[in-house]
Amino acid sequence: MTPSESKDGDRTTPGKNQSAIRNPQSAIRNWLRGRGALLTGASILTFFCLIAVFADLLAPYNYSSLSRREPFAPPATIRFRDAQGRWHARPFIYARRLVDPVTERYEEIMDRAYPLELFTRGYSYELLWLFPTDLHLFGARAEAGVEVPRVYLLGADKFGRDCLSRLLMATRYSLLIGPTGALLASALGVLIGGAAGYVGGWTDAVLMRAADMMLALPTLVLILAVRVTFPPGLAPADAIKLLLIIFVLLGWAEMARLARGLIRELRQREYVMAAVSLGCSPAHVIVRHILPGAAMSLAAQTLIILPAFLLAETALSFLGVGLQEPEASWGSLLTSVESNLFKRGHALAEFSPALAITLFVLGARLFGDGLGKEGREREKILGVADRKSA
């Protein structure tokens, strides 16, 4: 009798594990099928996280350094062909000068080309907050005794500051406040909801009524009211800490209600009741048996509420009570958008903070939906296993 035949002589089909071992490419395709949203969202969030971590390396100039001779400079034109019609293997730019301050019109000075190169030297910083360096991803080639023009890929603001460098640093600050606040608030919500769902009784009633009261409050208005009670000229570190504290204290309720419902439902599972009957402590039961089953759903909820925290930080900075100049966040960059940007012809570059916010929120939603789907499939499998064991 062959391994693929049963005792009755009937042929049996290979199992899923055997198929995966024999054809790993097919197994990968099967795993990827239906997970497009999850992978797309993870890729977008990873992209923004890398930007936040390596913002100094990617930024060609210090985000607060001024060039008052170039207010509202348009994005630089990257060229391979010079004014005489000759082609160059290395891209280059021309210097520019402001010819009409009223209309903010610039013209290129085509008597000299300035080649671009990768990994140029610039301002000093600490890579990964550990290694001092002055290396930057790109810039114009430095030459002794020659003033090299700036490479403005997204143009400059009214003070002549590089918009790309400010956008990269704004990504770091906004992602430090928004996602960190969402994670801390979610952790507090899981702690409160876990206690309410597992203990029950008057503890559940008191904690959930507190959660209902927090959900009934207009969160953004309350955040704004609390923030304006503090002096506007806070240092960046103090402003970030203050915003995080406000977000945590006002944003835990939604996660607490979800955690409470999940823990009440998972507590009825047979493997959890078996752990309780063996005398395991409540903390051990929650950490080792309940939370792993609820992890997917809790992570998905964190990603769902994350855009609300991010948009709250953006709104505060936009209203002038978040990070203060010269610090940069997505909201403060939107504040600097001028009314005549369409006349200057580079509106897309100035709206780049709004595009970044949209893309990040889309990534968080896609990743959250993907994790929620994974969690529902896992719950379905666990439910089937419980019914079979019963």
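1. Start with helices H5 (residues 163-199) and H6 (residues 201-216), whose axes come within 7 Å and cross at roughly 145 degrees. The axes here are lines fitted to C-alpha atoms, for helices over the stretch in contact, and angles run from 0 to 180 degrees between N-to-C directions. The crossing of H5 and H6 is left-handed, the term for a near helix turned anticlockwise from the far one by less than a right angle, with clockwise giving right-handed. Helices (H or I, at least four residues) and strands (E, at least two) are DSSP runs, numbered from the N terminus.

2. Who touches whom in this pair? On the H5 side there are Ile192, Ala195, Ala196 and Val199, and they meet Gly201, Thr203, Asp204, Leu207 and Met208 of H6. Contact means heavy atoms within 4.5 Å. By class, the H5 and H6 contact has six nonpolar, two polar and one charged residues. For the classes, Ala, Val, Leu, Ile, Met, Phe, Trp, Tyr, Cys and Pro count as nonpolar, Asp, Glu, Lys and Arg as charged, and the others, Gly among them, as polar.

3. A word on what you're looking at: this is a predicted model, where local features need pLDDT of at least 70 and side-chain atom pairs count only at pLDDT 80 or more, while totals for chains, interfaces and linings use all residues. Residues are numbered from 1 along each chain as its sequence is written, and side-chain values use heavy atoms, with hydrogens and water left out.

4. H5 also packs against H11: the axes come within 7 Å and cross at roughly 140 degrees. That makes H5 oblique to H11; angles under 35 degrees count as roughly parallel, over 145 as roughly antiparallel, 65 to 115 as roughly perpendicular and the rest as oblique. H5 passes H11 in a right-handed crossing. Among the residues making the contact are Ile177, Pro179, Leu183 and Tyr198 of H5, and Val285, Leu298, Phe309 and Glu313 of H11. The residues of this H5 and H11 contact split into 17 nonpolar, five polar and one charged.

5. H11 (residues 282-318) has another partner in H9 (residues 253-266), with axes that come within 10 Å and cross at roughly 155 degrees. H9 and H11 are therefore roughly antiparallel to each other, and the crossing is right-handed. Contact residues include Met255, Leu258 and Leu262 from H9, and Ile290, Leu298, Thr302 and Ile305 from H11. By class, the H9 and H11 contact comes to ten nonpolar, four polar and one charged.

6. Have a look at two loop residues as well. Phe72 is in the loop between helix H4 (55-58) and strand S1 (79-81), and has a positive phi of about 55 degrees although it is not a glycine. Phe72 counts as buried because its relative accessibility is 11%; buried means under 20% relative accessible area, exposed over 50%, partly exposed in between (1.4 Å probe, protein chains only). Its C-alpha atom is 9.7 Å from that of Leu98, 26 residues apart along the chain.

7. Trp129 sits in the loop between strand S3 (105-127) and strand S4 (131-140). Trp129 has a positive phi too, of about 60 degrees, and is not a glycine. Buried or exposed? Trp129 is exposed, at a relative accessible area of 52%.

8. Last, the chain overall. There are 15 helices and four strands, and 41% of the 390 residues count as buried. Among contacts between residues at least 6 apart in sequence, 66% join residues at least 24 apart.
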